[in-house]
Every structure is written in structure tokens, then in C-alpha cells.
Number of protein chains: 2
Amino acid sequence: MSSASKTLELLDYFSPTRPEIGLSQLCVMARRDKATTYRHLQSLEETGLVEQNPMTRRYRLGPALLQLARTREVTVPRKNGAEAPLRALADATGETSHVSVMSGKTLYNLMSCESPRHSIRVIIDIPTFPLHATASGLCALAFGREDLFEAATERLAAFTPKTIASIDALHASVSSARETGFGKTMGSFEIDVHSLAVPVFDQSGLLAGSVAVASVATRFTPNLEHIVRTHLAKASRDISHNWGGTVPANVEQAWAKTLKRCQELETTS
Amino acid sequence: MSSASKTLELLDYFSPTRPEIGLSQLCVMARRDKATTYRHLQSLEETGLVEQNPMTRRYRLGPALLQLARTREVTVPRKNGAEAPLRALADATGETSHVSVMSGKTLYNLMSCESPRHSIRVIIDIPTFPLHATASGLCALAFGREDLFEAATERLAAFTPKTIASIDALHASVSSARETGFGKTMGSFEIDVHSLAVPVFDQSGLLAGSVAVASVATRFTPNLEHIVRTHLAKASRDISHNWGGTVPANVEQAWAKTLKRCQELETTS
DNA sequence: AGATTTGGTTCATATATTGAACCTTTATTT
DNA sequence: AAATAAAGGTTCAATATATGAACCAAATCT
């Protein structure tokens with residue numbers, strides 16, 4: 001692994017719950033030598049990606065990130081295009097909704113939006129979504145580049161007892177997502193969280209990310225599920241449009257079929 | 001120079017005006033070998049700091065930056081604390097106001113705010129402020145760490161004919177800033193832009209950044225100058241407070257003396 | 001269709017990275 | 001207040017990693 005990659009990986013150890021890290025502590029976490037880690041931090045500091053708190057001498061993320069993030073959002077205004085539809089989705093479903101962005105082989109958390117309807121809420125606080133364990137990830141595998149599947153199977157981390165653990169099981173879930181147009185997980189990343197997701201597209205015509213609703217399991221009734229599915233489709237259309245793309249016909253068809261079947265089940269019961 | 005630093009420097013070539021860069025183009029700009037640059041971009045892509053536009057094959061800033069920037073702002077909420085006072089400053093002066101953040105030996109542009117009063121406006125679109133050529137930089141040199149001065153003199157880039165070009169001249173300007181509490185430049189970075197700046201402090205008691213007003217030269221009358229100085233002092237107090245610090249007594253005294261002298265000059269004239 | 005540019009890859013060479021050991025400063029304990 | 005521990009920071013020989021000339025493939029232009 002290149003020295004640059006090792007340096008950049010250090011950034012991932014910083015999070016809202018661990019905003020400042022001392023040199024020694026970071027060495028332990030990253031399992032690296034102290035001299036090496038120190039030099040890596042120096043490189044990051046030169047560029048303003050991290051800085052040292054003069055009071056504690058610990059390191060924290062730096063001010064250059066704000067600058068770069070602004071430029072990114074000017075370049076590719078994903079957040080701007082997702083905000084309103086996501087708010088609407090959260091309001092309509094009463095559950096936490098979130099949007100992710102595909103880049104390379106990784107699905108990045110772009111933003112999440114909680115609904116004020118309930119006081120027990122799902123909080124989305126991970127930087128990237130595991131492809132095999134989240135509804136968003138299943139959408140990415142179902143509608144994204146072919147080689148993602150291989151990448152996903154390289155390490156099937158088990159987050160809960162319900163996490164998909166075999167390649168066959170993953171294949172089945174992905175096929176199901178492709179057929180229905182919806183990625184669905186029930187407690188596979190966080191126990192007691194049921195999620196539904198749909199793909200989002202941009203002007204390249206390729207998968208650009210996904211939008212999802214993460215619901216508290218006990219609230220996830222068939223009725224809610226139907227509401228979520230309907231509004232997810234709408235959110236995907238809106239966000240795709242804002243991102244310069246459109247939902248492909250095959251996905252629209254899959255949604256139509258799935259929503260129709262749901263309705264039939266309801267009326268017959 | 002370390003490989004990691006060279007990799008990170010690539011990020012600086014991306015800007016709102018140059019949002020996407022092809023491999024060959026980046027090699028020319030950075031004066032690097034193609035194979036090297038390609039590998040560096042790979043490292044950045046792995047971490048999500050850049051991504052490749054699938055349509056153009058060119059590279060652009062990546063989605064991980066939004067994530068990291070959010071964490072930075074949660075860790076050190078500079079933007080949040082600066083927004084309202086900056087708005088007030090721009091409204092009171094009718095000129096573009098901006099806040100910078102000191103990190104290491106670099107003064108980073110945090111945010112700027114234009115006033116709608118005039119249709120000719122100064123636009124602040126640089127990622128970092130040269131210490132010797134901007135009012136904000138002079139404040140940093142006057143009230144920041146001692147070793148900044150040495151760093152600043154290493155390369156006195158000439159942006160305009162009025163840019164400070166000698167160590168002695170820089171020393172004089174910094175001394176003046178220290179005495180008056182205000183950094184002042186007249187066309188030293190952009191011709192036709194006159195700037196005034198004051199230091200901002202955080203809970204460490206050290207200089208944390210600066211707040212400045214950049215005015216179109218022809219509008220910069222003694223009357224406006226007095227208004228700007230008064231409101232800069234207020235903005236610095238407010239932002240310092242929001243950042244957990246206070247303006248040190250010596251700075252307050254310098255301001256008081258300077259503002260009093262201004263008033264005297266006005267009444268006698 | 002041929003030429004040209006750009007993205008991407010290979011491999012021997014040489015240079016930058018590494019980590020054990022050491023030093024210095026700061027914080028804690030006795 | 002002195003002793004101790006812990007953390008930040010530095011050095012240098014060994015060696016793993018970065019480098020760039022040359023090359024290939026694919027896309028774009030003429």
C-alpha cells in the first residue's frame with residue numbers, strides 16, 4: 001500500500017464522536033509506527049486537512065476541508081439537489097431518510113433527514129454504507145456497475161446475526177432488488193432497523209447513489225411499507241432530476257409492478 | 001518532499017473555476033510524471049477525496065470531502081460562529097466581508113459575505129490568504145505566532161505593483177497593525193481593493209483567524225473607513241466570543257486609541 | 001481511415017519511507 | 001519539589017516503495 005493511501009486513511013479515524021486524537025492514540029488505532037504516523041500527520045497538516053489543537057496538542061480535522069467541500073458541492077451539487085426531496089420523504093413517511101452517493105466502489109453517506117413525528121428515531125451516522133448489509137448498498141449492487149458485486153463479496157462483515165453472510169444469499173437479495181426496484185433489509189446492519197431503498201441516477205445514465213428510509217422495526221407495518229415505497233419512488237425521480245438524470249424505464253416498470261402487487265394484497269386481505 | 005504531500009497538493013488544483021481536470025492536464029499543471037500523478041489520483045480516489053467523472057474520464061473532487069467537512073465543523077464550529085456577525089458586518093459597511101482561519105502557518109478562507117448595497121462588489125475567491133499581501137495576513141503576523149513572520153518572508157510574491165516587496169516594509173506594516181489593532185492594505189493583493197482587518201481569538205487565547213472588509217477603492221472614503229473600523233471591532237468581539245475566546249486587552253486598547261484619533265481628525269477638519 | 005491525443009501500464013533504477021532507539025517536554029504521582 | 005511516567009517529536013541505517021521512460025490501448029479529432 002502506498003504511503004499516500006496510508007496517510008489519507010488517517011482521516012477516517014476522526015468522527016463527531018472522536019473529534020481529536022493524540023499521536024500515540026492514533027498509532028494504536030491505526031497500528032502504525034509513531035515516527036511514520038507523525039510524518040503522515042505532518043503531511044496532512046501542511047495541506048490543512050488536519051491541524052493540531054494548540055491547547056491539547058491533539059490532532060483534529062483542518063480548515064482546508066471546508067474549502068474543498070464547498071468546491072466539491074459547486075462542482076457536483078448533490079447536497080443541493082437532494083435536500084428538498086429528502087425533507088419531503090421524511091415528512092411523508094415519518095421516518096429517518098437518507099441519501100448516499102456512489103463513488104468508485106464506495107457508497108458515501110451524503111445527508112440524512114429525521115422526521116420529528118416520533119421521539120424514537122433512527123440516526124444515520126456512518127460515513128459509508130456497507131454494500132451487502134444496507135438497503136442502499138443492495139440498490140447499488142443491483143443497479144450499479146457489475147464489478148461492485150465482486151468488491152462487496154471480498155469481505156462480508158457481520159454486523160448483526162441477520163447480516164447477509166453468504167455470496168448466494170447476497171445474490172438472492174440483489175436479484176430481488178433488481179426485480180422489485182427496491183432494496184430491502186430487516187435488521188441486517190442495525191438490529192431493529194428495517195430499511196427500504198431505491199437507486200438514484202445522474203446525467204451519465206449510471207447509478208449515482210440511492211435514497212432510503214430507515215424505519216424503527218416495530219413501526220414497520222405493511223401500511224407504512226406501502227407509503228414508504230410510494231414516496232421513495234417519488235424521491236428518486238425528484239433527486240435524479242435534480243442531479244441531471246432520469247429514472248430508467250426498467251426501474252420504473254419494476255416499481256409499478258411492485259406497487260401494484262402491494263395494492264392487490266391489501267385489497268384482497 | 002514526501003509522496004503523501006505531493007498527492008495532497010493535487011487537491012489544490014481543483015477550484016470552482018476548474019472543477020474537472022484530466023490526467024494529462026494535471027500532469028502539466030503539477031509538473032509531474034504521468035505514472036506518478038495517476039497513482040496519486042488512485043490514492044485520492046480510494047479515499048473518496050477525488051472521483052472520476054464517468055462521462056468525461058476527468059477527475060473532480062469527491063464525496064468524502066462533504067463528510068469530512070461536516071465532521072470538522074462539528075469538531076470546531078467556526079463557520080457557525082462567524083455567520084451572523086459577518087452578515088451584520090457586511091450590512092453595516094455595505095462592502096464584502098470575510099473571515100479567515102489560522103491553521104499552522106496558513107490563513108484559510110473560511111467564508112465571505114457580500115453586501116447587496118452596491119452592484120460592483122469585491123469577490124473573495126481564494127482558498128488561502130498570503131500573509132504579506134492581505135489585511136488579514138498582516139493581522140495574523142501582528143497578533144499570531146512569532147514564527148509566522150519568518151515563514152511569510154520566505155517568498156514575497158508580488159501580486160500588484162503595490163504589494164509589499166521587502167522585509168523592512170513588511171515589518172513596518174506589521175508594526176502598524178500591532179499599534180493600531182487594524183491590518184490595512186491598499187491595492188496590495190488586488191489593485192482597486194482596499195482592505196481593513198482585525199484579529200479574532202479563540203479559547204486558547206491565541207489568534208484563531210481574522211475578520212476583514214474588502215472595499216472597492218473608489219468607495220473607500222475616510223467616512224467609510226471609520227464605519228468599517230468600528231464594525232470590525234464589534235465583529236471581532238462577537239466572533240471571538242462565539243469561538244470561545246475574548247479579545248485581549250492590548251488589542252482593545254489599540255482599537256480605542258485608533259478610533260479616538262479618527263474621531264478627533266474628523267471633528268477638527 | 002489514419003493521425004493524434006489521452007488514459008492507463010510496466011519494470012529497472014534510485015529515492016523516499018520506515019521503525020527501533022533515543023531525546024525532550026509535559027503531566028502525573030509520590 | 002523531586003521522581004516517574006507518558007506523550008510528542010527526532011535520528012539514522014536498512015530497505016521497501018516511488019519514480020519516469022517507454023509502451024500499449026482506447027477514444028477523439030482531422
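Predicted model: local features only at pLDDT ≥ 70, side-chain atom pairs only at ≥ 80, totals over all residues.
Strands and helices here are DSSP runs numbered from the N terminus, with at least two residues (E) for a strand and at least four (H or I) for a helix; two strands pair if DSSP finds at least two bridges between them. As for ground rules, local features need pLDDT of at least 70 and side-chain atom pairs count only at pLDDT 80 or more, while totals for chains, interfaces and linings use all residues. Residues are numbered from 1 along each chain as its sequence is written, with chains lettered from A and ligands numbered from 1 in the order in which they are written.

Zooming out, the open sheet of chain A has six strands in the order β6-β5-β4-β9-β8-β7, with antiparallel pairing. Its edges are β6 (128–129) and β7 (183–186) of chain A; each has a single partner strand, so one side of each lacks a neighbour in the sheet. Helix α6 (residues 135–143) of chain A lies across β4, β5, β6, β7, β8 and β9 of chain A, at about 35° to β8(A). Angles are taken between N-to-C directions, from 0 to 180 degrees, using lines fitted to C-alpha atoms, for helices over the stretch in contact. Contact itself means C-beta atoms, placed from the backbone, within 7 Å.

Over in chain B, the axes of α2 (residues 23–30) and α3 (residues 34–46) come within 9 Å and cross at roughly 110°. That makes α2(B) roughly perpendicular to α3(B), a label covering 65 to 115 degrees. On the α2(B) side the contact uses Leu23(B), Leu26(B), Cys27(B) and Ala30(B), which meet Lys34(B), Thr37(B), Tyr38(B) and Leu41(B) in α3(B).

Then there is the DNA. Around DNA strand D there are 19 residues, and those that come nearest include Ser2(A), Gly22(A) and Ala35(B); to be near, a residue needs its C-beta atom, placed from the backbone, within 6 Å. The biggest giver to this surface is α3(B), with four residues.

How values were computed: Contact = placed C-beta atoms within 7 Å. Parallel < 35°, antiparallel > 145°, perpendicular 65-115°, else oblique.
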